[in-house]
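Please take me on a short tour of this model. I have it open in a viewer and would like to know what to select next, and what is there.

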Amino acid sequence: MKIAKNTVVTLSMAVTDAQNNPIEETSGDGFTYLHGGYDDFFPKIEEALEGQEVGFKSTIQLEPDDAFGEYDAELVRVEDRSLFPKEIEPGMMFEGIPEGGTEDDVEFFTITDIEGDKVVLDGNHPLAGQALRCTVTVTEVREASEEEIEHQHVHGADGHHDHDDHETVH
Ligand SMILES: [Zn+2]
């Protein structure tokens, strides 16, 4: 079966930076996504997989714009130490809602420095500004169910998965 819009694709993937230093590797059953521009996966990789079948293997180079974006210095800010739990250290990641924002505005940030009563936060994705090299091997292709297409995401093998953002009960 060929990869096309509304197929569910499973692949194993190894990600390195542009110098081939390993960043991440899928384990176990690999990574599964709904193919067809549903914002479920990097568009550039979807493009490379279009029309391919199980066993297809390719290394795809993603520029920062294709991956997690360019590094934005404006996303770095300083906050009061008192806003944070006692036990914090550089490298910890938090999610938060900016002042005056709603739940839709939730943002992720990493603590990059703590000095006295000030904490430096970086709202960039840890891989922002990096070119990535993704080696993918397609291990399974199946047709998506109507329900998956309707929800625009993949459901688990038993046809159920948790969502908080759907009214529909499976
Ligand atoms: Zn769903």
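Some ground rules come before the stops. This is a predicted model, where local features need pLDDT of at least 70, side-chain atom pairs count only at pLDDT 80 or more, and totals for chains, interfaces and linings use all residues. Residues are numbered from 1 along each chain as its sequence is written, and side-chain values use heavy atoms, with hydrogens and water left out.

**Whole chain.** Select the protein chain. Its C-alpha atoms fill a box of roughly 60 × 45 × 25 Å along the principal axes. Color by secondary structure: there are two helices and nine strands. Helices (H or I, at least four residues) and strands (E, at least two) are DSSP runs, numbered from the N terminus. From that end, the order reads β-β-β-α-β-β-β-β-β-β-α.

Next, show the open sheet of four strands, with order 5-8-7-6 and antiparallel pairing. Strands pair if DSSP finds at least two bridges between them. Select 76-80 for strand 5 and 93-96 for strand 6: these are the edge strands, each pairing on one side only.

**One pairing.** Strand 7 and strand 6 pair in the antiparallel sense over four bridges. Pick methionine 93; its bridge partner in strand 7 is threonine 110.

**Burial.** Return to the protein chain. Of its 170 residues, 31% are buried, meaning under 20% relative accessible area with a 1.4 Å probe, protein chains only.

Technical notes: Buried means under 20% relative accessible area, exposed over 50%, partly exposed in between (1.4 Å probe, protein chains only).
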